[in-house]
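Thanks for coming. I have one structure to go through today, and I'll take it region by region.

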Amino acid sequence: MKIAIIGTGYVGVVTAAVFAKLGHQVWGLDIDEKKIAQLQQGQVPFFEPGLDDLVQEGLKRKKLQFGSSYPKIVPQAEVILICVGTPPKDDGETDLTFVLEAARSLAPYLQAGTVVVVKSTVPPNTHQQVRKTIASLASRPFFVAVCPEFLVEGKAIKDTLKPSRVVIGADNPEVIEKLLVLHQGIGGKRIVCSPSSAQLLKYAANVFLGLKISFAYVMAELCERYGADIDEVVAGLGADPRIGEGHLRPGVGMGGSCLPKDIKSFDRWAGAEVTQGLFRAVEAINERQIERALQKVGDLIGPCQGKTIALLGLAFKANTDDLREAPSRKLIRQLLEQGAKLRAYDPQAMEGLKKDFPEVRYCTGPYETVEGADLVVLVTEWNEFKNLDWKRVKRLMKEANIVDGRNLWKREMLEEMGFKYEGFGR
Ligand code: UDX
């Protein structure tokens with residue numbers, strides 16, 4: 001099938017590369033010409049394991065092309081997927097500017113019967129705005145559908161090829177059939193539903209994950225207060241198949257481009273009367289984790305003024321260079337305000353912070369980072385931090401203090417070695 005993908009951000013590039021791999025003829029379209037020039041050379045402007053290779057393979061097989069011209073690309077496509085960003089406005093509401101701009105830009109060049117699919121995460125019934133926008137400018141008949149994505153950064157290719165479900169939100173049988181054919185070769189259950197349900201269920205999934213994580217954060221704090229252990233509690237909770245163990249890991253906070261934004265925007269969209277503060281509480285609980293991390297720092301080393309603190313991991317989670325809403329930013333800002341000297345290392349995400357925080361000493365690896373430190377804080381659970389040579393770490397540090405912000409390390413072992421250890425809920 002011939003498809004155009006508008007927006008070459010995270011979702012756009014992954015989707016384009018995967019559909020090209022499945023044999024479709026794919027154009028990635030973006031108005032950012034610099035990004036397009038990079039992609040044409042097979043360079044992905046962000047880090048996602050395996051994506052560079054998949055893009056290069058698509059380019060080589062001529063199944064994947066990138067460009068910035070709506071008039072050149074749109075008339076060739078049978079299906080157009082809108083994958084542009086939906087950032088939050090100042091009040092937390094979703095900004096639909098890019099989605100509607102894409103709709104306006106593609107409308108004049110549509111061939112008859114093209115299916116325009118909204119893939120960006122948008123509030124329910126946005127598809128009607130998209131339809132109205134296109135209709136005001138298009139001269140041929142077209143269809144609008146909604147196929148939300150559920151990919152998780154760091155394992156986006158696997159998630160796109162083998163998702164838990166493919167949601168097809170459409171109300172026309174021909175369109176449904178076309179989208180089912182488009183997704184042949186992709187795993188997962190098919191959920192065929194109305195466009196409104198598709199948009200709502202996508203939001204609901206992200207918001208539910210946020211609820212679940214924040215619940216784990218609350219439980220972790222209660223464990224600390226009442227002498228329980230979060231790992232044991234989660235094992236017992238998660239054994240109930242209705243609950244499940246996933247997304248119940250406590251830590252310094254949830255970040256990324258989706259959960260924090262979607263929770264805010266869902267709250268503003270749904271309205272206070274319906275939600276009764278449920279999602280505001282999730283936001284507050286998430287904010288609280290930074291305060292809790294700082295409290296743990298204070299408990300171990302007292303006032304931060306003049307102390308050297310080593311931060312391991314900066315990305316909002318492992319296996320990505322994404323720093324959007326990353327807890328590391330909040331932590332760095334507050335520790336600097338308190339007068340700490342910071343050393344930091346992340347395998348992928350340092351470049352993005354250098355401009356905002358030039359006063360941080362960026363290091364080349366975990367051992368250089370902990371040199372002379374009074375305390376190390378683990379912020380992101382990268383695999384390479386899992387099995388550190390702890391004797392070496394202890395030798396290098398000035399004081400053996402650890403705040404394990406992702407419960408990655410073994411408390412008992414570290415305490416036996418003479419470290420003072422603070423985790424979350426342990
Ligand atoms: C999320 C959804 O999981 C995905 O389905 C959706 O399509 C996009 O948003 P992503 O943003 O990649 O994916 O990250 P996710 O793995 O969900 O983690 C979000 C944040 O929560 C991270 O900062 C992570 O560290 C944190 N988290 C996650 C926890 O603190 N505890 C957990 O148990 C899980």
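What covers the buried residues of α6? Before I answer, note that this is a predicted model. Helix α6 runs over residues 126–135, and in that helix Thr126, His127, Val130, Thr133 and Ile134 are buried. Viewed down the axis of α6, these buried residues fall within an arc of 125°, so they line one face of the helix. Now the answer: the cover over the buried residues of α6 includes the helix α5, residues 97–106, and the strands β5, at 114–118, and β6, at 142–146. Helix α9 is also part of that cover.

In total, 21 residues surround the ligand. The closest are Glu153, Tyr217, His247, Arg249 and Gly255. By type, the shell divides into 11 nonpolar, 4 polar and 6 charged residues.

Next, some distances to oxygen atoms of the ligand. For Arg249, a backbone N or O atom lies 2.7 Å from a ligand oxygen. For Gly255, a backbone N or O atom lies 2.8 Å from a ligand oxygen. With Arg406 the side chain is involved: one of its N or O atoms is 3.1 Å from an oxygen atom of the ligand. As for area, the ligand taken alone exposes 660 Å², and the protein buries 95% of that.

Two loop residues remain. Which loop holds Lys162? Lys162 sits between α7, residues 156–161, and β7, residues 165–169. Lys162 is exposed, with a relative accessible area of 66%.

Is Asp374 buried or exposed? Its relative accessibility is 6%, and the cut-off for buried is under 20%, so Asp374 counts as buried. Leaving aside residues up to four places away in sequence, Asp374 touches Ile301, Lys307 and Thr308, and also Met397, Lys398, Glu399 and Asn401.

That is the last region on my list.

Terms used
Residues numbered from 1 in each chain as written. Predicted model: local features only at pLDDT ≥ 70, side-chain atom pairs only at ≥ 80, totals over all residues. Heavy atoms only, no water. Near = heavy atom within 4 Å. Polar contact = N/O pair within 3.5 Å; in protein donor to acceptor, adjacent residues only side chain to side chain. Areas by Shrake-Rupley, 256 points an atom, 1.4 Å probe, with all protein chains shown as cover. Nonpolar A, V, L, I, M, F, W, Y, C, P; charged D, E, K, R; others polar. Buried < 20%, exposed > 50% of the residue type's maximum accessible area, 1.4 Å probe, protein only. Helix = DSSP H or I, 4+ residues; strand = E, 2+ residues; numbered from the N terminus. Arc of directions from axis to C-beta. Contact = heavy atoms within 4.5 Å.
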